[in-house]
Amino acid sequence: MILELDCGNSFIKWRVIHAGDATIVGGGIVDSDQSLVAEVSTLASLRLSGCRIVSVRSEEETAALCALIGQAFRVVAQVAEPAQQAAGVRNGYEDYQRLGMDRWLAALGAFHLAKGACLVIDLGTAAKADFIAADGEHLGGYICPGMPLMRSQLRTHTRRIRYDDASAARALTSLAPGRSTVEAVERGCVLMLQGFARTQLEQARALWGEDFTVFLTGGDAPLVREAAPQARVVPDLVFVGLAMACPLD
Ligand SMILES: Nc1ncnc2c1ncn2[C@@H]1O[C@H](COP(=O)(O)OP(=O)(O)O)[C@@H](O)[C@H]1O
Ligand SMILES: CC(C)(COP(=O)(O)O)[C@@H](O)C(=O)NCCC(=O)O
Ligand SMILES: [K+]
């Protein structure tokens, strides 16, 4: 079994797969290294032979997580490293090492699945879009604040925007004009994300006509579902790319 980790700025997504056929044994989302070890340890049949990690956290945080995994599960964690090209995709950044590893792996996964031009929209702490042409050239992308950042900036930089998580969740049952602060902010931020997604689709159409595949991933992907009805929702797109970048068999 292989432990796979996707360490974003807010959460660690994890899953355990069988080494042979890649069937999924278990998975989840946690907010700390300690909770990760605790959750993975609860898998009854756990027999790890390896671990691969993608991280957009600092070198120090990533090294600390690898050390913890080593102690807890007796496996050496392999961390995905930047590359100029891989699996038929050429990194489009001027300095390829600067492209976020989650974006790079999602691009590899998307191109592998689409076998043609594709647009990846990844909605996490940040909202990201990446464009990969039919010949595998990564054309670059866009980064904007995602839902958690938009929300927290409003809370931090205003005096009268204050509400709790439970009312935030309730506010999103509709996108009608808000009649309370929580509705106005939560719905406003979702409309920003949807606008982001629509603009990326327009860009893709300008580049490729109708001949492209759209992938939607990241924890907040469900919030823009209607704005991109043609999108393939692939929550584990980064893991698809991670397996390609770090083969362990
Ligand atoms: N089970 C969950 N736990 C936490 N956040 C979740 C969950 N499901 C969806 N989300 C949403 O996912 C977002 C975080 O997305 P994610 O892609 O994990 O971010 P990052 O990779 O930047 O850590 C949160 O804003 C939250 O709204
Ligand atoms: C853009 C990001 C902060 C997104 O992080 P996430 O929302 O997945 O937590 C991450 O991909 C990153 O740190 N990228 C490096 C900068 C860049 O891609 O240009
Ligand atoms: K991420």
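How do the residues of the lining of the second largest pocket divide into nonpolar, polar and charged? In this predicted model, that lining splits into seven nonpolar, five polar and four charged residues. The second largest pocket holds about 340 Å³ of space. Its lining counts 16 residues, and those closest to the centre are Ser-55, Arg-57, Glu-59, Glu-81 and Met-101. Helix 2 supplies the largest share of this lining, with three residues.

On to the largest pocket, whose volume comes out at about 890 Å³. A set of 40 residues lines the largest pocket, and Lys-13, Leu-123, Gly-124, Gly-218 and Gly-219 sit nearest its centre. Sorted by class, the lining of the largest pocket has 16 nonpolar, eleven polar and 13 charged residues.

Rolling a probe the size of a water molecule over the atoms shows where empty space is left. With a threshold of 30 Å³ or more, the count comes to one cavity, and the volume of the largest cavity is about 30 Å³. The residues around the largest cavity are Cys-7, Ile-12, Asp-33, Ser-55, Arg-57, Glu-61, Thr-62 and Leu-65. By class, they come to three nonpolar, two polar and three charged. Helix 2 gives the most to this lining too, with three residues. Ser-55 and Arg-57 turn up in both places: they line the largest cavity, and they are among the residues closest to the centre of the second largest pocket.

Next, the helix packing, starting with helix 2. The axes of helix 1 (residues 33-41) and helix 2 (residues 59-73) come within 11 Å of each other, crossing at roughly 30°. That angle makes helix 1 roughly parallel to helix 2, because anything under 35 degrees counts as such. The crossing of helix 1 and helix 2 is right-handed. On the helix 1 side, the contact is made by Asp-33, Gln-34, Leu-36, Val-37, Val-40 and Ser-41, which meet Leu-65, Leu-68, Ile-69, Ala-72 and Phe-73 of helix 2. The class tally for this contact is eight nonpolar, two polar and one charged residues. Asp-33 and Leu-65 belong to this contact and also line the largest cavity.

Helix 3 and helix 7 give another pair, with axes that come within 7 Å and cross at roughly 90°. The two are therefore roughly perpendicular to each other. From helix 3, Asp-102, Leu-105, Ala-106, Leu-108, Gly-109, Ala-110, His-112 and Leu-113 take part, and their partners in helix 7 are Leu-237, Val-238, Val-240, Gly-241, Leu-242, Met-244 and Ala-245. This contact has eleven nonpolar, three polar and one charged residues.

Met-147, Met-150, Arg-151 and Leu-154 of helix 4 touch Val-185, Glu-186, Cys-189, Val-190, Met-192 and Leu-193 of helix 6. The breakdown for this contact is eight nonpolar, no polar and two charged residues.

Terms used:
Residues are numbered from 1 along each chain as its sequence is written. Chains are lettered from A and ligands numbered from 1 in the order in which they are written. This is a predicted model: local features need pLDDT of at least 70, side-chain atom pairs count only at pLDDT 80 or more; totals for chains, interfaces and linings use all residues. Side-chain values use heavy atoms; hydrogens and water are left out. Axes are lines fitted to C-alpha atoms, for helices over the stretch in contact, and angles run from 0 to 180 degrees between N-to-C directions. Helices (H or I, at least four residues) and strands (E, at least two) are DSSP runs, numbered from the N terminus. Angles under 35 degrees count as roughly parallel, over 145 as roughly antiparallel, 65 to 115 as roughly perpendicular and the rest as oblique. A crossing is left-handed if the near helix is turned anticlockwise from the far one by less than a right angle, and right-handed if clockwise. Contact means heavy atoms within 4.5 Å. Ala, Val, Leu, Ile, Met, Phe, Trp, Tyr, Cys and Pro count as nonpolar, Asp, Glu, Lys and Arg as charged, and the others, Gly among them, as polar. On a 1 Å grid over the protein atoms alone, a cavity is a set of points where a 1.4 Å probe fits but cannot get out, and a pocket is an open set with protein on both sides within 12 Å along at least five of seven lines; lining residues have an atom within 4 Å of a point. Grid points are joined across faces, edges and corners, and a volume is the space filled by probe spheres set on the points.
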